[in-house]
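Subject: Structure for your review

Dear colleague,

I would be grateful if you read the two together.

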Amino acid sequence: MKKKTIALLLALVMALSLLAGCGGNDNQTPSTPDTPATTDTPTTPDPTPDPEPAPEPEPTTPGGDLPRAETLYFAGQQWGTVNSWNVIGTNQNNAMAIAGTASGYRTLMFETLYMYNPLDGKLTGLLADGDYSWNADQTELTVKIKSAAKWSDGTPVTAGDVKRTFDIGVQIANGTGSTYGAYISEIVAQDDATCIIKAAVNDAGQPKNPLKLLDFLSGTPIAQTAWIDKVVERNGNDSVSILNDAGDDVVWSGPYTRYYADDQKVVFIRDDNYWGQDASMWGKLPVPKYIAHTIYADNPAGENALKAGEVDVCQQFIGNIQDLWLKDGLPISTFYQEAPYGVCLTMPTAWYNMNIPVLAENPALRKAIAMAVDYDSIIANAMTNQSPSFADVPRSLMNPTDGEQALYDHAAVKDLQWTGNDADGANALLDEAGLVDTDGDGIREWNGEKISLNACCPNGWTDWQASMEIVAAAGEKIGIEITTNYPEYSIYQTVFTDPAQTEYQIFMWSPEAASPSNPWQRVNQFLGKEYVGVSNNWSGNWGQYVNDEADELILKIPTTTDENELKDIYTRLTEIYLTEVPSFSLMYRPSVFHAVNESVWTNFPSGDDGRGIPPMDCTDGYGIAALYDLELVG
């Protein structure tokens, strides 16, 4: 019997049990790995259930039990107590309301101009009306605002709000200002419905990077001018105070608003006056009345809650997730029914530190290590097969999506690609480069010194640690000493972002996933010179690799509109990357994980349903479209 069939049958059983029994169970203490939940398997319904159970009561207090048939529960996004509701602030720790990735901003409460869909790379208007338009030289981007778009206080969303959101971001250097201030010179509100986003230009009058303007469209939550002005006034126009304002009186445009929050859970309630039910947008309200996120102690607690049916949508890596339906018989689904189960958009990568002379001066050494690594073992063990192999999707600078894979000439770089576990080829490459073992101790030397390196990632990141162990094992097969080192994350983050560090020789970090500016942004992170020498570098090229030809090609990408020319550029950059090997990706990985329990809700997005809704946890970018299609089981 297929997984979906099993899931739906068991879901019906669990739904009957939920309706026949008590109300929401979100106040139960999450079970720990040592004490598995007794509800891991579907409960048996009462032998004589009421054929028409009474509707569950409304919660008597916001922190009380929620009607289960009206509430969508989440795990894996909110960790710790919410700090603020200030959409223009910083350090909000408010993941369900104020958060976003390159693959899409979370628009439950605060909305962007467009929604990004990583499945097809398209931008769909949200606050924006129709498609954006460029002028001839890509120095101006024009966006129209939907006439139906309204703030929660009933006033219209205007082009002036877009301008004010950008301006305050630059003034106080919040995330919007620091991310886009270098690429947008100004935003002009031509009238209430028309905003013109002007690109920053270089000395020749050419736009610095039109791709970053597209990122702005889907990555920036728009705030209301009147509310921004109020925050500025009450904080005396002091940037630090504005950034740290609690934002308790914030005005929103999205379909949900805050209902309750403490150190145990965060709850949102649907705004039934939401403008998006207008025919120009969704034409209806999202189905769940409440969005709730219990604050679990750790991943195992969230996973147990998912298995128990206390969580509907889970954004966590769950090893061997297929066992939940194949062995445990639980009504749990992923986007794809077969491995890799999700949409892999990013590539956790091992970076070589070019401050280490033996690595900087020996591309043969860099490639040999990369060739010897057993990636199939990483995929099987660290990722439990939730990643395509490098035989399925040959390595390049691109993620596995069809759109990015079409951007380079596969045949042109075929001879440079490797699938791994090739100790013979790696040893031959090292011998040819003169990196040999002269004293017979089994370790090759360079300039009279044994080649000894470390492989590092944060402690507790178990899938990454498993990957580094496999990298170290590759060294044994080719006469290179590689030892593992797992510092605490609080230490790790201060070291790998230091451009002068020599403490970590091979270390892990992930490049960008998918966005309107990718794969340019990711290529720049792998090869771009602009990040070299930058202190507290969270942006890219953490290994400090420099290649002038690559840098010149990267600078051309944002203003290249001819598809054939663009493909030639990406192909040449891929050739450089696979020859020089300044880093090597260890796996393909989803930017977010998306597992759902269908005991209460069903009709979540899946890869074969033809709707084109991405598995972005029903909240991010165009993934929020899922909330409008959900159905109660039974």
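Helix H19 spans residues 563-580 and contains Glu 565; helices (H or I, at least four residues) and strands (E, at least two) are DSSP runs, numbered from the N terminus. This is a predicted model, in which local features need pLDDT of at least 70 and side-chain atom pairs count only at pLDDT 80 or more, while totals for chains, interfaces and linings use all residues. Residues are numbered from 1 along each chain as its sequence is written, and side-chain values use heavy atoms, with hydrogens and water left out.

Glu 565 has a relative accessible area of 41% and is partly exposed; the term covers values between buried (under 20%) and exposed (over 50%), with a 1.4 Å probe and protein chains only. Together with Asp 409, Asp 562, Glu 563 and Asp 568, Glu 565 forms a negative surface patch. Such a patch takes residues with over 30% relative accessible area and no salt bridge, joining like charges within 9 Å and nonpolar side chains (Val, Leu, Ile, Met, Phe, Trp, Tyr) within 5 Å.

Helix H19 also holds Arg 572 and Glu 575, three residues apart, about one turn of the helix. These two form a salt bridge, with their closest N and O atoms 3.2 Å apart; the criterion is a side-chain nitrogen of Lys or Arg within 4 Å of a carboxyl oxygen of Asp or Glu. Arg 572 is partly exposed at 33% relative accessibility.

By this rule there are 23 salt bridges. One of them pairs Lys 284 with Asp 629 at 4.0 Å, N to O. This pair links distant parts of the chain, 345 residues apart: Lys 284 is in the loop between strands E11 (265-270) and E12 (290-294), and Asp 629 in the loop between strands E25 (601-602) and E26 (631-632). Both are partly exposed, Lys 284 at 39% and Asp 629 at 22%.

Another salt bridge joins Arg 444 and Asp 431 at 2.7 Å, N to O. Asp 431 belongs to helix H14 (423-432) and Arg 444 to the loop between that helix and strand E17 (445-446), so the bridge ties together parts 13 residues apart in sequence. Arg 444 is buried at 8%, whereas Asp 431 is partly exposed at 45%.

As to the cysteines, the structure holds zero disulfides, a disulfide being a pair of cysteine sulfur atoms within 2.5 Å. The sulfur of Cys 456 has its closest cysteine sulfur in Cys 457, 8.0 Å away and too far for a bond. Cys 456 is buried, with a relative accessible area of 0%, and Cys 195 is likewise buried at 0%.

With kind regards

Conventions: Areas by Shrake-Rupley, 256 points an atom, 1.4 Å probe, with all protein chains shown as cover. Lys, Arg positive; Asp, Glu negative; His and termini not counted. Charge placed at Lys NZ, Arg CZ, Asp CG, Glu CD.
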